[in-house]
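My notes follow in the order I took them.

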Amino acid sequence: MRILILGAGKMGSFFTDVLSFDHEVAVFDVDARRLRFMYNCCRFTTLEEIGEFRPELVVNAATVKYTLDAFRQVLPVLPKDCIISDIASVKTGLKEFYETCGFRFVSTHPMFGPTFANLDKLSTENAIIIKEGDHLGKIFFKDLYQRLGLNIFEYTFDGHDETVAYSLSIPFVSTFAFAAVMKHQDAPGTTFKRHMTIAKGVLNEGDYLLQEILFNPHTPEQVEGIRTELNELLDIIQQKDAVRMKVFLEKIRKNIR
């Protein structure tokens with residue numbers, strides 16, 4: 001299959017590596033410097049090259065801020081039977097775009113990133129495939145993710161956004177709270193250092209991605225839950241209430257089992 005990947009960033013490089021041994025792969029990026037270390041693939045910087053390549057599948061790996069712009073840029077030169085796809089962690093606007101673009105589509109979300117995941121061992125990682133997509137496109141990504149050892153789940157666009165609000169917003173907001181009260185530690189403990197590593201990884205993400213995840217319409221409910229639990233914990237601490245502390249610890253231990 002002829003596959004065009006949009007974007008030569010970390011995830012674009014990852015999908016190029018994964019797909020280029022079994023398919024004819026080309027990578028398109030407007031910044032030629034980002035293509036320097038892309039191997040075993042064609043490297044495109046113009047729409048004319050894409051038109052001549054005639055891709056059968058497009059994998060949009062552009063950053064979240066430019067996902068829709070990347071699609072709109074290349075659609076005029078794609079064959080009408082081409083399947084377009086995204087791997088965006090935030091699906092804002094994509095459902096509406098796909099409904100009017102005139103192309104078959106498939107939308108997925110590999111629930112891992114280069115910051116923390118071991119890309120050579122993904123058996124503990126997950127991927128979501130959106131139900132509202134082209135049947136053959138969904139089969140392609142299901143087969144790909146199965147070969148990578150990922151655990152696969154299917155959600156609607158709305159179900160995906162709700163899941164992301166829970167699985168990303170809660171750890172992101174918790175990390176922000178940790179970083180917001182940060183003070184330099186000359187001799188940090190192990191737990192502090194682990195939290196610091198997570199904080200640096202999360203805050204290494206682009207502002208737009210963090211913003212869009214937190215602006216998910218399902219996020220306020222999750223943040224409100226954090227605030228409720230923090231208020232309860234603060235009251236327990238202020239009252240030095242050992243009985244309530246024991247109950248609280250039992251509750252949260254049960255949650256993580």
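**Overall**

I counted secondary structure first: the protein chain has 10 helices and eight strands. Helices (H or I, at least four residues) and strands (E, at least two) are DSSP runs, numbered from the N terminus. The model is predicted, so I kept the limits in mind: local features need pLDDT of at least 70, side-chain atom pairs count only at pLDDT 80 or more, and totals for chains, interfaces and linings use all residues. Residues are numbered from 1 along each chain as its sequence is written, and side-chain values use heavy atoms, with hydrogens and water left out.

I took the box along the principal axes. The C-alpha atoms fill roughly 70 × 40 × 30 Å. Accessible surface came next: about 15,000 Å², with 54% belonging to carbon and sulfur atoms. Those areas come from the Shrake-Rupley method with a 1.4 Å probe, and for residues only the protein chains shown count as cover.

Of the 257 residues, 39% are buried. I use buried for under 20% relative accessible area, exposed for over 50%, and partly exposed for in between (1.4 Å probe, protein chains only).

I then checked contacts, meaning heavy atoms within 4.5 Å. Among those between residues at least 6 apart in sequence, 57% join residues at least 24 apart.

**Cores**

Which residues have the most contacts inside the largest nonpolar core? I found Ile3, Ile5, Phe15, Leu19, Val27, Phe141 and Tyr145, in a core of 28 residues. A nonpolar core here is a set of buried Ala, Val, Leu, Ile, Met, Phe, Trp, Tyr and Cys residues joined through side-chain atoms within 4.5 Å. At least two core residues come from each of strand E1 (2-6), helix H1 (10-19), strand E2 (24-28), strand E4 (57-60), strand E7 (126-130) and helix H5 (135-147). H1 gives the most, with five residues. Another core lies apart from this one; I counted 25 residues in it, including Phe28, Val58, Ile84 and Cys101.

Leaving out residues up to four places away in sequence, Tyr145 touches Phe15, Ile87, Thr108, Pro110, Ala127, Ile129, Leu150 and Ile152.

I went back to H1. Seven of its 10 residues are buried, so I noted the helix as mostly covered. The buried ones are Met11, Gly12, Phe14, Phe15, Thr16, Val18 and Leu19. They pack against E1, E2, strand E6 (104-110) and H5.

**Aromatics**

I found 12 aromatic pairs in the structure. Rings of Phe, Tyr and Trp (its six-membered ring) pair if their centres lie within 6.5 Å; planes under 30 degrees apart count as stacked, over 60 as edge-to-face and the rest as tilted. Why is the pair of Tyr98 and Phe157 tilted? The ring centres are 6.4 Å apart and the planes of Tyr98 and Phe157 stand at 35 degrees, so the pair is tilted. It links distant parts of the chain: Tyr98 is in helix H4 (residues 94-101) and Phe157 in helix H6 (residues 157-180), 59 residues apart. Both Tyr98 and Phe157 are buried. I also found them in one aromatic cluster with Phe71, Phe97 and Phe105.

**Single residues**

Lys95 also lies in helix H4. I read a relative accessible area of 28% for Lys95, which means partly exposed. Setting aside neighbours within four places in sequence, Lys95 is in contact with Glu132, Phe157 and Asp158.

I looked at Glu212 in helix H8 (residues 207-214). Buried or exposed, I asked of Glu212? Glu212 is buried, at 12% relative accessible area. Beyond residues up to four places away in sequence, Glu212 touches Val90 and Thr92.

**Positive phi**

Most residues other than glycine have a negative phi, so I noted the exceptions. Asn40 has a positive phi of about 60 degrees. Asn40 sits in the loop between E2 and strand E3 (42-44). At 48% relative accessibility, Asn40 is partly exposed.

Lys240 also has a positive phi, near 50 degrees. I placed Lys240 in the loop between helix H9 (219-239) and helix H10 (242-256). Its relative accessible area is 72%, so Lys240 is exposed.
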